[in-house]
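Here is a short briefing for a reader new to this structure. Take a look at the model before reading on.

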Amino acid sequence: MQDISDIKIIGIDEKRPPRVRKEPYIDLFFRLSHAAPEQWCDDFNNLTRKLDPPVRIDKSEGVFIDTYVRDMNHIPAHLDSIKENIRSCNAQYIERIRQAELSAAANTASLLGDGGKQGQLNSIVAALKFDD
């Protein structure tokens, strides 16, 4: 199974390679290592909405990041910026999952009671970190 922390750019969409055109921009379609979940795509789009030029991912597919540059020499720096946003999005998404698991464990603990050895066990289980 593929992990969220494994999401990264692995190349260009072979079906839509960059082309020099008469328009003053070059479209770029970066391929991710695997399809990202919809919530990850929403997080990524929120993180990158202020980038210039714009960057976005279609959450229905979750595989291609769409963007453009006006100067081909800006591609490497733009790619670095996108990769940094992917790393941030991965960390944010993993933290959200961890917090949800902690919350679920805390809810379970409160249902089972906080007293005695069971309460102590529930506290230990709720505090476990599985993202290392």
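Which residue in β4 is the bridge partner of Leu28? It is Thr67. The model is a predicted one.

- An open sheet is built from 4 strands, ordered β1-β2-β4-β3, with antiparallel pairing.
- β1 (9–12) and β3 (56–57) are at the edges with a single partner strand each, so one side of each has no neighbour in the sheet.
- β2 (residues 26–32) and β4 (residues 64–69) are joined by 6 bridges in the antiparallel sense.
- Strands of a sheet pair through backbone hydrogen bonds.

**The core**
- The largest nonpolar core has 19 residues.
- Leu32, Trp40, Phe44, Ile65, Ile82 and Ile86 touch the most other members.
- At least two residues of this core come from each of β2, α1 (38–48), β4 and α2 (75–112).
- Beyond its neighbours within four places in sequence, Ile82 is in contact with Ile9, Phe30, Phe44, Val55, Ile65 and Thr67.
- In soluble globular proteins, nonpolar side chains tend to be buried together.

**Helix α3**
- α3 (residues 116–127) has 12 residues.
- From first C-alpha to last, α3 reaches 17 Å, close to the 16 Å expected at 1.5 Å a residue.
- Gly119, Asn122 and Ala126 are the buried residues of α3.
- Seen down the axis of α3, these buried residues fall within an arc of 60°, so they line one face of the helix.
- An α-helix has 3.6 residues a turn, so residues three or four places apart point the same way.
- Exposed Lys117, Gln120 and Ala127 sit on the face of α3 turned away from its buried side.

Conventions: Residues are numbered from 1 along each chain as its sequence is written. This is a predicted model: local features need pLDDT of at least 70, side-chain atom pairs count only at pLDDT 80 or more; totals for chains, interfaces and linings use all residues. Side-chain values use heavy atoms; hydrogens and water are left out. Two strands pair if DSSP finds at least two bridges between them. A nonpolar core is a set of buried Ala, Val, Leu, Ile, Met, Phe, Trp, Tyr and Cys residues joined through side-chain atoms within 4.5 Å. Buried means under 20% relative accessible area, exposed over 50%, partly exposed in between (1.4 Å probe, protein chains only). Contact means heavy atoms within 4.5 Å. The expected span of a helix is 1.5 Å times one less than its number of residues. The arc is that of the directions from the helix axis to the C-beta atoms.
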